[in-house]
Amino acid sequence: MMPLQALAVTETTPGGSLLVLGIVMPAVALVALIGLGGRGARAIVIAALLFQLYVAVRVALLVAGTQSPLAYVVGGFHPPLGITLRADGISALMMVVSAAIFLAAAGFAWKDFAQPGGKPEARAPLIFWSAMLAMASALNLLFTSSDLFNLYVGIELLTFAAIPVTAIKGGADTLRAALRYLLFAVFGSMLYLFGIVLLYGAYGTLDISGIAAQLQPNAATLAAAGFVTVGLLAKTALFPFHLWLPPAHAGAPAAGSAVLSALVVKGSLFLLMRLWFDTFPTLREPADMQLLALSGALAVIVGSVTALRQQRLKLLVAYSTVAQIGYMFFVFSLAPKGTGEAIAATAWTGAWLQVVAHAFAKAGMFLAAGLAAEVLGHDRIRDLGGLSRRAPLAVLAFALSGLSLMGLPPSGGFNAKFMLLVAALAGGQWVWGAVIIAGGVLAGAYVFGVLARMMAEPAAGASLQAVGRGRQWIALGLSAVAVLMGLLPLEPVAFLAIGRAL
Amino acid sequence: MSAALLFWLAGSGLIGLSVYGLIVNPHPLCKLLALNLLGSGVFLLFGVIARRGASAGLGGDPVPQALVITGIVVAFSATAIAVALLLRLHTEAGEASIDEEDGQP
Amino acid sequence: METGFDIALALLLLCVGGWSVIARNMMTAVIVFIAYGLLLSLAWVRLHAIDVSLTEAAIGSGATGLLMVIAAHKVAGDTKRVVQLSRGFHVLAAVFAALVAVGIAALAFVLPGEPSSLAAPVLERLPDSGLGNPVAGVLFVFRSFDTLLEKVVLLLALIGVWALARDADWGGVPGLRLFRERHSVLTLLARTLPPIGFVFAIYMTWAGADVPGGAFQGGTVLAAMWILVMVAGVRRPPRISSPPLRLAIVAGPVVFLAIGFLGFLAPGAFLAYPEGFAKPLIVAMETALTLSIAVILGLLIAGPPKGEDAP
Amino acid sequence: MIFAIMAMILLPLAMALLLLSPALRPMVVRGLGLAPLPALLLPPAAWEGSISTVSFFGTWRYVLDQAGALLLGACALLWIIAGSAASRWLAGRGGQGRFALWWLLTLSGSLGVFVAGDVVSFYALYALASLPAYGLIAFGGGGAERRAGRVTIAAALIGEGLILAAMVLLAVNAPGQGLAIAPLVAALPSSPHCGAVIALLVIGFGLKIGLVPLHGWMPMSYAAGPLIATAVLSGATSKAGLIGLIRFLPLSEAMPVAGGMILAAGLVSALYGALLGLTQANPRSVLAYSSISQLGQMAAVLGAGLAAGAPGAGVIAAYYAVYHVLVKGGLFLWLGAQGRRIAAWQLGLVGFAALGFAGLPLTGGALGKLAFKDLAGTGATGMLFSFAAVGSTLLVLHFLRLARAPAQDPQPQPLSPAAWIAAVIAATLLQWTLFAAVTGDSARSALRPGALFDLAWPVAAGAALAWGLAALGTRLPAFPPGDIGERLIAIIERQATRIASAILRAETQAHQWQVSTLALAAALILFVALQTVFGPR
């Protein structure tokens, strides 16, 4: 095991400024968007997102090339006074995933949120694109910052950007969903903030590595860990704190839902994993970790069963997110502290594969669901018939995403669940293994139910609209990535361990 | 009894009160108010931490104080969005409530 | 004497805070909450945090309170509650809340005995920046990245509020109209206070570099003046699509970002200030920020655009 | 070889993709019979080289051994025959693209599963052979068909889950061995989880082959949907479960307990299927019960092999299965080809072929029974096998009597009779040609009087029994298709609905603001308390 000091940022590394750009450039675009009053909105957004992808890929290549994390000391002030950014393997991975999905979602929303030419600025485009940029910026911040308060600002920024996307349609239901989301999320961030207060009180620094280096299992630290964790759980919508997720994700426009489900919930999850595996690794006690895994298990079962009983497609997909988030929490109990490093590495890789595979699969699935609603004019599951005629590629996208969600090979979802299962059974944690399998069976049931309806004959009198091929291809592309991840070998991925003490 | 300890106790009490209000108060505006109270309690505790760190001739550690200022602004932003949502919901639904089951037929 | 005052203040905080939680009438709760905010800023003074005290009074109590008053005024008729909570549930909630409170209170006695503080390092590095106020130093020098992001948060809040306009009303003026009729006292205030407030705000911003105060407090005072003018109907709020308004909104963040990028060139790090230029750059930044903060706060309180002549 | 394997798996998938284009759709439908052609290249090669392995992408590995080759060849033939018939049947029919899609997907998995050499591709292809069947069964869209489809899929999904658990345990037991099936299975007997793995495998694959009491879905499924689909589902895809048992049971290790239990389960299925089949009034259900009985005998052969540690049991079971693949498929095709009147020669040919299930001398089925005679032994087990043959005779005669009765609702579009005739003849020819290669004896040995007697007496006894019953006018009670299995399914459905409703109610509760926030506070307290009590000091 590497000493914890190794996590500390000492100096800015070559290429470290990419981390700043990843966070700041979307903000620059956001300022331009507001300042220019809608002129060239889409051009600005697409330029910013392309740049985002460039930055993410460069970061990933640099991390992979040097086999060590990138770092940047903002303003030249070292912790504990200043703030540093740091990108290790998982940061780089998530940056790439996030940039790719944002780009796809933007492509999908390209026509829906076009600024009408020659007319005065319209509401929806400005709101939507601003929020997308802010989310992109906030996510990169969450993936790279190593200052706990800076991260607090990041998760708040992420929430505030997600709210307008949820509420953009403006009906009473979506407004209610957005208000719930906001109130609950702010509750969560307050708890998180109090945890930080305690940590600062105990260690006099907010730097993750600084805290990790002098971590003591005293009462303040234990309480802080509790507050931080529970606060982030509220933001991650782990069962039973998921009340806001289904209506919010179902109420947003398709491209928005894709980003919310695929990435936004992963922001706080990322932080949670960062904290437990990099900051408080020695506090990882079986009792607490089992509590997290138990919540995850309940999320898998309850989320899947509820999804199975939904009558609206988008709600079904949203509940499936509730279930899929659950899988990611098994890692807390499956990666034991100290012993069984092979098992820990397997569980670690499985969890990240699940994060990434779910991101692509769910993004593709939400886009496909959006296309379905567009073709049919509604999203009642029982009347989905005829979709395969008008939008066959969207159905294919839904099917491929479903393949990954239910964990059938070849797909990233299978690899993730297989590795989590291996870790569970090798570690003797049979119950979690059984839940992982049961979740797959239930996912199969709800995916199949929808697919069968989509392939059926159209209902009498249904009028089907045509949708463009381009957007179907985008949905299909995202789903295909989830499936192609299944070609990875079933072993721990070294990249995910770069820059970690594990 | 030092001022720091007193305000710490007051802050804990405020957090407890606001958690209670947040759980049971029916109207979203009341919940929002409770959230603000919760925030202020957390900030107050941060202020106590800052006060404990008084040294080098300063009455308090300036870092937490600065963070509290940022925190207050962030909390205000949340309030502004929430109030706007609440009012629009009030107009759309005739009543601002987040209790109803969403999307269930 | 001082301890007695502190005890009284702490108790008062708890009582007033508790009152605002359990008050039946929403407007009462909100008014009590504003009073609570003012008491809280006193507490901040007692904690030797004058900057925070000012911010709490201006934003935590003032701006937040104003927003809440507006909201309470409009939703005063809401009474219906879909889910009725049983008495047992209330007790349960109270027990859990009390447990949380007791737990946190108990932490006071177990925090590490030797308090860690960054006061000394802050004071040590502060002179490099030419600032005299250590809190401003943290906000604009050591942790200016946080402050920059916080400005983005404000922009997003504005986007979040504007998102709630109707499509047809987009580009119109915010619908802040608390008082339909001309109100003579209000009009008088709206005509006389702003110039004073303006001067005061500029002073606060300027002074913030060295003594408590700063862009936020100054911006809030400016925003308050603006709101007063709008509420009184002396001036109509601007259309949200108006280019000067947009410019005012982004001016602060643009300057902030520009100075941040400048850091790449001169000392070689984002948000680092070139040797010797720190203070002028920070003052320039604060000036622009004061304007932007004032406009954004004002617009956040004014709410989403409501259509040009809608009642 | 690798090319042929890839072509076999990917050609149907590629054709399925072509269905996306409306212009190409009719062409794909016309070519359904050609899709399995690459598979025919494989068995001869595999037979020569005994076992061949191809691997790529690190994980993905393909193996073709003799058992796989036998099943692959027979199933490919059935798919070709049925595919050609399906093309004609589909011509001009609504929804042909949809049918072809599910058909091609099932085809790819159904053939691919015989060559899968690692657990991942086996799991994938097994799923592909099982899940798209829903579309074939529910093709007509009626309520009963949809329910049958749902139940079939539910059984398949649960089976998948159990198999996945077994496979992960296999991999966990042999860390660092990779994921190829053979080494994992070789390491199984020495592992502490051996019993659990075998139980999971038997239940998982048992669901597929309708091992009693996991058989409830089979009569329901075979009685619904177009007959052309039932032909391939009963003939070909059910063998995915068989190859699973062959590949994953450690046959080279003598495991008397596990083997004995599988043997017992198989024999119970064999007898139970034969008996319950007699109570059925629908010829399709009778055939389904016959499948339960036949597949039960195959499982019993494997169980006997496992008990004795006979690695050859796999090939023998597969050899016996070859006949079942083609004849069971052929019988369903025959049902689909029935016009208003049935010619005597048809009845004769069908009867001859179907009595092969009972081991009527000269039929292909008789050769299969001869091949596993050594494994069955001569004692009580052998006797039970013979009883199963008696039951099969009764069942076949019952089927013939039902099928001879004028059809209540003649098929609106009968299938071409060429299909079933081809299948039945192919089955007989194949069995005769392969006998020597599988058993090492010459085919002539099947004509020795002793062998003939052993085979003939159960058939004769069955026939006599049938005659006696008919003469006495005994009427057997009529059971609903699915019997206790059906009851089991109904119970599971009811319980599942109850549990789901309870979960939904819990979710609705948890969905409330006050419950969720209270839970948040509670979680906070619990978390910190747990940390403090159990946490590090």
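# Briefing: domains, contacts and a helix in a predicted complex

The C-alpha centres of domain 1 of chain C and domain 2 of chain C lie 23 Å apart. These domains cover residues 1–75 and 132–311 respectively, with bounds taken from an automatic or database domain assignment. The model is predicted: local features need pLDDT of at least 70, side-chain atom pairs count only at pLDDT 80 or more, and totals for chains, interfaces and linings use all residues. Residues are numbered from 1 along each chain as its sequence is written, and chains are lettered from A and ligands numbered from 1 in the order in which they are written.

**Confidence**

- For the complex, the predictor gives an ipTM of 0.92 and a pTM of 0.94.
- Chain C has a mean pLDDT of 84, and 93% of its residues reach 70 or more; pLDDT is the predictor's confidence in each residue, from 0 to 100.
- Helices (H or I, at least four residues) and strands (E, at least two) are DSSP runs, numbered from the N terminus.

**Contact between the domains of chain C**

- Domain 1 and domain 2 of chain C each contribute twelve residues to their contact, where two residues are in contact if their C-beta atoms, placed from the backbone, lie within 7 Å.
- On the domain 1 side there are eight nonpolar, three polar and one charged residues. Ala, Val, Leu, Ile, Met, Phe, Trp, Tyr, Cys and Pro count as nonpolar, Asp, Glu, Lys and Arg as charged, and the others, Gly among them, as polar.

**Contacts between chains**

- Chain B gives 70 residues and chain C 78 residues to their contact.
- In chain B, α1 (3–24), α2 (28–52) and α3 (62–93) each supply at least two residues of the side that touches chain C; α3(B) provides the largest share, 22 residues.
- That side of chain B divides into 44 nonpolar, 19 polar and seven charged residues.
- The contact between chains D and C takes eight residues from chain D and ten residues from chain C. The chain D side holds six nonpolar, two polar and no charged residues.

**Helix α2 of chain A**

- Helix α2(A) (residues 41–66) has 26 residues and should span 38 Å at 1.5 Å a residue, which agrees with the 37 Å between its end C-alpha atoms; the expected span is 1.5 Å times one less than the number of residues.
- Its buried residues include A:Ala41, A:Leu49, A:Gln52 and A:Val63; a residue is buried if 20 or more other C-beta atoms, placed from the backbone, lie within 10 Å of its own.
- The buried residues of α2(A) pack against α1 (17–36), β1 (70–73), β2 (84–87), α3 (89–109) and α4 (123–144) of chain A.
- Just after α2(A), A:Gln67 adopts a positive phi of about 55 degrees.

Definitions and conventions
Buried ≥ 20, exposed ≤ 12 C-beta atoms within 10 Å, placed from the backbone.
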